[in-house]
Amino acid sequence: MQLGVYSFGNQATDPATGELVSTAQAQRDLLEAIVLADQVGLEFFGIGEHHAEEMPASAASVILGAAAGQTKRIRLASAVTVLSTDDPVRIFQQFATLDALSNGRAEITAGRGSSVESYPLFGYRLEDYDRLYAEKLELLLKVNEQATVTWSGSVRAALDEQLVVPRPDRGSLPIWLGTGGSPNSTVRAGQLQLPVSYGIIGGDPVRFKALADLYRRAWAAGPETTRQPLISVGNPGFIGETDRAARDTFWPTWYRGMADIGRRRGFAPPIREHFDIEAEGGALFVGEPEQIANRIIRLHHAMGHSRQFLQMDFLGLPQRDLLRSIELLGTKVKPLVDAELGPEPEVVPNPLDGGPAPVQAGAGS
């Protein structure tokens, strides 16, 4: 089991002024969080692409590139890249460059995104939602498989024996398919024999066992391969010294973030009773270290996933509280999970080739 963190970029509350920090400071705070996650032994940090003031991490590969030189072992990934409104060739080049600078620690999670602000921003139509994703995923996978690419479709210019560089030293980049729980996306990941990453934001996450089973059946129906189906789970979470302290710290920022999203998307803000129910047994992994470790282990026994990563930094969470939660995840939760499930081996497989990929020290070592 790999443990980690993901973020959309948080505008923390400045303790001196009580105001939200700038979107520029949010990028610097995010870099600080990645560096700490590596120092406390976490294996993964993902940045989810958004284009909103309260979620300003719009250029994941740039932030992760800065982190590559200041970290040693942690995997640096998108969570997710909004593939439908970006160019697959440029995405590959950016993350292949990150992979070179980090000595083989870059990953891409390709998804459609849970928000649609990138469509008008980059001049795409929501009517083309499915076609954009299908064609661009096909091209991204092809670019990842071979350096010289010939491809044609309806969503970008054709390629005729075009060279795409740089190339990863390990041959290819790990590419995960990200989904919020769509059966169609689950089957697509299985049929393509890609690792799948589930974003779970509400309800008992154990219900995703049915999707995990569907994914493995779709994988098994495909051609024989040395690769193994891999599942990761990302969900909101926060660790405190005690269960009550964790809930009381996380609730105001969870409420503020969800209420802001609700105003724009047309749903009511959350209430504390619902938050406590979700924190007790739902998708919110909020509590003290032993409780969170037990919930991760329980979910693993249901889904068989190999990576769990938490979004801790909802709108306004002070940076010091985020950093403390990351520290507790690495120093308190991780040892408990490792004791039950076993620590990650020194050599782990590249999800796309089934062969060994050494966990190397980065440029900052």
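**Some residues and the fold around them**

I start with Leu83, which sits in the loop between β4 (81-82) and α3 (88-101). Helices and strands here are DSSP runs numbered from the N terminus, a helix being H or I with at least four residues and a strand E with at least two. This is a predicted model, in which local features need pLDDT of at least 70 and side-chain atom pairs count only at pLDDT 80 or more, while totals for chains, interfaces and linings use all residues. Residues are numbered from 1 along each chain as its sequence is written, and side-chain values use heavy atoms, with hydrogens and water left out.

Is Leu83 buried or exposed? Leu83 is buried, with a relative accessible area of 1%. Buried means under 20% relative accessible area, exposed means over 50%, and partly exposed is in between, using a 1.4 Å probe and protein chains only. Not counting residues up to four places away in sequence, Leu83 touches Pro88, Ile91, Ala110, Gly111, Tyr133, Lys136, Leu137 and Leu140. A contact means heavy atoms within 4.5 Å. The C-alpha atoms of Leu83 and Thr109 are 9.0 Å apart, and the two residues are 26 apart along the chain.

Now the chain as a whole. It has 11 helices and 14 strands. Its radius of gyration is 20 Å, close to the 21 Å that the globule rule gives for 365 residues, so the chain is as compact as a globular protein of that length. That radius is taken over C-alpha atoms, and the rule is 2.2 Å times the number of residues to the power 0.38. Of the 365 residues, 55% count as buried. Among contacts with a separation of 6 or more, 72% are between residues 24 or more positions apart.

Next, helix α1, residues 23-39. α1 has 17 residues and reaches 25 Å from its first C-alpha to its last, close to the 24 Å expected at 1.5 Å a residue. The expected span is 1.5 Å times one less than the number of residues. Buried residues of α1 include Ala26, Leu30, Ile34 and Asp38. What do the buried residues of α1 pack against? Their partners are β1 (2-7), β2 (44-47), α2 (60-68), β3 (75-78) and α11 (319-341). After α1 comes Gly41, with a positive phi near 95 degrees.

On the α11 side, look at Gly330, which lies in that helix. Gly330 is buried, at 6% relative accessible area. Leaving aside neighbours within four places in sequence, Gly330 is in contact with Val40, Leu42 and Pro335.

Last, the backbone. Most residues other than glycine have a negative phi, and most peptide bonds are trans. The peptide bond from Ala79 to Val80 is cis, with omega near 10 degrees, and Val80 is in the loop between β3 and β4. The bond from Val165 to Pro166 is cis too, with omega near 0 degrees. Pro166 is in the loop between β7 (159-163) and β8 (175-179).

Glu161, in strand β7, has a positive phi near 55 degrees and counts as exposed at 54% relative accessibility. Gln193 also has a positive phi, about 55 degrees, but Gln193 is buried at 5%. Gln193 is found in the loop between α6 (183-192) and β9 (196-199).
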